[in-house]
Amino acid sequence: MAAPIFALSSGPPPAGVAVIRLSGEGVFDIVRQISGSRRLPPTREARLRTLRRPHDQAPLDQALVLIFPGPNSFTGEDSAELHCHGSPAVVAAVQAALSALGARPAEAGEFTRRAFESGRLDLTQVEALSDLIVAETELQRETALAQAGGRLRDLADSWRDQLIGIMAEIEAQLDFSDEGDVEASNVYAERMRGGPLTRLVDSMEAALHSAPVGERIRHGLTIAVTGPPNAGKSSLINALARRDVAIVTPHAGTTRDVIEVHLDLGGRPAILLDTAGLRETSDPIEAEGIARAIARAESADLVLNLAPGGNVVNRIDETGETPGFHSGRLHLSARTGAGLAELEAWLTEWAEDHIPSGEPPAITTARQQHLIAEALGALKSAQSKADPVLTAEDLRAAAHALGRLSGRIGPEVILGAIFSRFCIGK
Ligand SMILES: Nc1nc2c(c(=O)[nH]1)N(C=O)[C@@H](CNc1ccc(C(=O)N[C@@H](CCC(=O)O)C(=O)O)cc1)CN2
Ligand SMILES: Nc1nc2c(ncn2[C@@H]2O[C@H](COP(=O)(O)OP(=O)(O)OP(=O)(O)O)[C@@H](O)[C@H]2O)c(=O)[nH]1
Ligand SMILES: [Mg+2]
């Protein structure tokens, strides 16, 4: 067990309750000492205790205390929680006491890292936990939860088992066949290609198909609002966000930076982009804004264009046009809100087309996608080789890629990058 660490795992004080988590060697002694040497609560059951300052036993707070003996804890180590009152002073005093008792503040992601190192989570589950913590929409939550529960881990484990089976047979074939028995080897390699290897390739290909959807769920569909200055782009953004996120003025050229607003379209995440009005300009700041607007619009999944001839017509309160879809364009007024419901319904339908409901995708990160594609490439190469020695080499490359997917094999930098995405206390 590693050295004891602690962190505030709940949100920033002030809050109703603050959860301070502890994990590592000697954590139960620390809990005994901070709770006035009273006996420990029963495993995973909360008990009310007075927390006291170590050197003079002065009371710090009334708190609920829980212990989780390893390996049956989130980290796999002896762990504990102190549920204190959530004021800055209580949290600071309790943390100071924990430091005095020999625990140190945890780094970002360190609890999860220990869970990974004790084998309780693989790297795909770790990635999913980091997504679950920041999930904003229902679909993001469902996908991250399935992944955190081991959806891709189980799939990857089954791929690894199949691969090991195929490799074992090929290695045995290489070991036991007569040196000159090329024909037997070829017959054998043929059999592998037709059966188990093809099944494995098919299964990986099916999973890879879900990757674009996984990516969209994770990052959100992007919708850029474009058009000339004063078209009402920022007004439309504010109306859709139902917040005053972007500055609106009668002055042409108000918006310069790209402003991002997160939207929930029927459970599907989208990022709405407000952009600078497009026009010729000699102002270098505005020109930079326009260049950014164009770049973001080009990479967006959808563009709502408020220009004449674009797909959205604003200001119908001035023209007297009817709200909603007609003449191939959506008519609305960002000022009165007329036509906004039609736009939202249309956007929701569009989002549903781009992120179909059903099974949550098995692949959710670019890292996972790349490694599975790498494994698949090696398997396809194995399929095309007649020589079992070369086939075996490709299969080992595929196994290596799968090992990196789960994090069983891999460089420290990758782990560092993944765990540093977490906040402190997770
Ligand atoms: N208060 C609190 N709430 C929390 C967490 C936490 O650490 N503390 N979690 C932290 O992220 C999540 C829950 N995840 C957890 C995962 C495993 C175990 C655990 O102790 N597992 C043991 C025992 C299971 C049991 O009760 O039977 C095990 O799996 O062996 C605890 C929390 C969300 N809510
Ligand atoms: N009557 C009316 N005025 C609107 C409507 N939408 C926006 N406006 C007004 O038009 C002016 C410009 O609106 P903005 O939302 O700032 O326009 P923009 O397209 O973001 O402009 P830039 O950021 O300069 O490119 C403001 O005075 C708004 O109040 C609308 O639907 N009806
Ligand atoms: Mg604007």
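Colleague: How does one describe two packed helices?

Modeller: Two packed helices are described by the angle between their axes and by the distance between those axes. In this predicted model, helix α8 (residues 196–209) packs with helix α14 (residues 366–384) at an angle of about 150 degrees, and their axes are 10 Å apart. Because angles over 145 degrees count as roughly antiparallel, α8 is roughly antiparallel to α14. The crossing of α8 past α14 is left-handed.

Colleague: Which residues in α8 and α14 meet?

Modeller: On the α8 side they include Leu 197, Leu 200, Val 201 and Met 204. On the α14 side, Ile 372, Ala 373, Leu 376 and Leu 379 are among them. By class, this contact of α8 with α14 has 12 nonpolar, 2 polar and 2 charged residues.

Colleague: Which peptide bonds and phi values deserve attention in a backbone?

Modeller: Most peptide bonds are trans, and most residues other than glycine have a negative phi. Here, a cis peptide bond joins Pro 13 and Pro 14, with omega about 0 degrees. Pro 14 belongs to the loop between β1 (5–8) and β2 (15–23). The bond from Gly 70 to Pro 71 is also cis, with omega near 5 degrees, and Pro 71 is in the loop between β4 (59–68) and β5 (79–86).

Colleague: Where does Gln 57 lie, and what is its phi?

Modeller: Gln 57 is in the loop between β3 (47–52) and β4. Its phi is positive, about 60 degrees, although Gln 57 is not a glycine.

Colleague: What does UniProt list for residues 5–120?

Modeller: The unreviewed UniProt entry lists residues 5–120 as "domain: GTP-binding protein TrmE N-terminal". In the model, that span is 25% helix and 34% strand, and its end C-alpha atoms lie 18 Å apart.

Colleague: Which residues surround ligand 1?

Modeller: The shell around ligand 1 is formed by Val 19, Arg 44, Phe 68, Asn 72, Ser 73, Phe 74 and Glu 81. By class, these divide into 3 nonpolar, 2 polar and 2 charged.

Colleague: How many residues surround ligand 2, and which element gives the most to its shell?

Modeller: Ligand 2 is surrounded by 23 residues, of which the closest are Gly 232, Ser 234, Ser 235, Thr 255 and Gly 277. The elements giving two or more residues to this shell are α10 (233–241) and α12 (316–319). With 3 residues, α10 gives the most. The shell around ligand 2 has 7 nonpolar, 11 polar and 5 charged residues.

Terms used. Residues numbered from 1 in each chain as written. Chains lettered and ligands numbered in written order. Predicted model: local features only at pLDDT ≥ 70, side-chain atom pairs only at ≥ 80, totals over all residues. Axes fitted to C-alpha atoms, helices over the stretch in contact; angles between N-to-C directions. Helix = DSSP H or I, 4+ residues; strand = E, 2+ residues; numbered from the N terminus. Parallel < 35°, antiparallel > 145°, perpendicular 65-115°, else oblique. Left-handed = near helix turned anticlockwise from the far one by under 90°. Contact = placed C-beta atoms within 7 Å. Nonpolar A, V, L, I, M, F, W, Y, C, P; charged D, E, K, R; others polar. Near = placed C-beta within 6 Å. UniProt positions renumbered as here; feature names shortened; annotations may be inferred.
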